[in-house]
Amino acid sequence: MPETTTIYPDYQFIQEIESYGPFGAEACFQCRKCTNGCPVAFAMDLLPDQIIRMALLGQRDTLLSCNSIWICIACETCTTRCPNKIKIAELMDGLKEMAIQAGIPCPQPQIRTLHETFLENVRKRGRVFELSFIRNYMFESGELRRKWNDGELSYDLKLGLKMAAKGRYLFRPSKIDGQEEIREMLAYAFAGKSKL
Ligand code: SF4
Ligand code: SF4
């Protein structure tokens, strides 16, 4: 007889997720409009509608360790398409933060490094300065060494030069108003919820 596994739902899980929102996940009626519009659904191990369903069913361990929350590119197509105005993209971010806080290893470590270096850059300057962001990411993720060893670095450098010639990024960080306010907003958003 095949062995069966009993999964016990964690009914408080959805309340915990909603504390990062609110996202309104309980209104989901599984129409799948979110998934049908998601540009990276093909690469996900759990589709956006499945994530909402599993969140409602309290599948904490599966959700916090899945690839999808890290693969999501935060384009907000799902949020825009949802007939019930559920903030799916934002919920994905909430799950990311919960996974980080719970110390669950990221199945896509480079994406986590990208996430962290991006936020650090915004925290420092109030907006992203592409050159320092890419430099930090390349060093901290180990991609610089990997690309060097694989002979891929020259392609990136040529692309970077082409983009510079077209004025696609700045060589010096531009100043913006309200840097302190942005720092305060980030501190407020992550207060007690994340190591970031
Ligand atoms: S589009 Fe909204 S209601 Fe439809 S499955 Fe996705 S989250 Fe649920
Ligand atoms: S925000 Fe994420 S889940 Fe939603 S459509 Fe974009 S990539 Fe897909």
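1. The largest share of the shell around ligand 2 comes from α7, which gives three residues. In this predicted model, α6 (77-81) and α7 (88-101) each supply at least two residues of that shell. The shell around ligand 2 holds 14 residues, of which Cys38, Cys72, Cys75, Cys78 and Ala89 come nearest to the ligand. By class, the shell around ligand 2 consists of 11 nonpolar, two polar and one charged residues.

2. The surroundings of ligand 1 can be described in the same terms. Ligand 1 is surrounded by 15 residues, and the closest are Cys28, Cys31, Cys34, Asp49 and Cys82. Two or more residues of this shell are given by each of α2 (33-37) and α3 (48-56). The shell around ligand 1 divides by class into nine nonpolar, two polar and four charged residues.

3. The helix α7 deserves a check of its own geometry. After α7 comes Gly103, which has a positive phi, near 70 degrees.

4. Which residues of α3 are buried? They are Pro48, Asp49, Ile51, Ile52 and Ala55, and they lie on the same side of α3, because they cover an arc of only 160 degrees around the axis. In general, an α-helix has 3.6 residues a turn, so residues three or four places apart point the same way. The cover over the buried residues of α3 includes α1, α2, α4 (60-64), α5, α6 and α7. Asp49, buried in α3, is also listed among the residues closest to ligand 1. Just after α3, Gly58 takes a positive phi of about 70 degrees.

5. Gly21 and Pro22 are joined by a cis peptide bond with omega of about 15 degrees, and Pro22 is placed in the loop between α1 (13-18) and α2. Gln30 is found in the loop between α1 and α2 as well, and although Gln30 is not a glycine, its phi is positive at about 60 degrees. Gln30 counts as exposed, because 12 other C-beta atoms lie within 10 Å.

6. Ala74, which is not a glycine either, has a positive phi of about 55 degrees, and its place is the loop between α5 (68-71) and α6. Is Ala74 buried or exposed? Ala74 counts as exposed, because it has 12 C-beta neighbours inside 10 Å, and the cut-off for an exposed residue is 12 or fewer.

7. Lys87 is located in the loop between α6 and α7. With 18 other C-beta atoms within 10 Å, Lys87 is partly exposed, because that class takes in the counts between the exposed limit of 12 or fewer and the buried limit of 20 or more. When residues up to four places away in sequence are not counted, Lys87 touches Gly21, Phe23, Gly24 and Thr79, and Gly21 among these is joined to Pro22 by the cis peptide bond. The C-alpha atoms of Lys87 and Glu143, which are 56 residues apart along the chain, are separated by 32 Å.

8. On the overall architecture, the secondary structure of the protein comes to 12 helices and zero strands. The protein is divided into domain 1 (13-101) and domain 2 (109-190), with the C-alpha centres of domain 1 and domain 2 lying 26 Å apart. The box filled by the C-alpha atoms, taken along the principal axes, is roughly 60 × 45 × 30 Å. Of the 196 residues in the protein, 20% are buried, and among contacts with a separation of 6 or more, 66% are between residues 24 or more positions apart.

Notes:
Residues numbered from 1 in each chain as written. Chains lettered and ligands numbered in written order. Predicted model: local features only at pLDDT ≥ 70, side-chain atom pairs only at ≥ 80, totals over all residues. Near = placed C-beta within 6 Å. Helix = DSSP H or I, 4+ residues; strand = E, 2+ residues; numbered from the N terminus. Nonpolar A, V, L, I, M, F, W, Y, C, P; charged D, E, K, R; others polar. Contact = placed C-beta atoms within 7 Å. Domains from an automatic or database assignment. Arc of directions from axis to C-beta.
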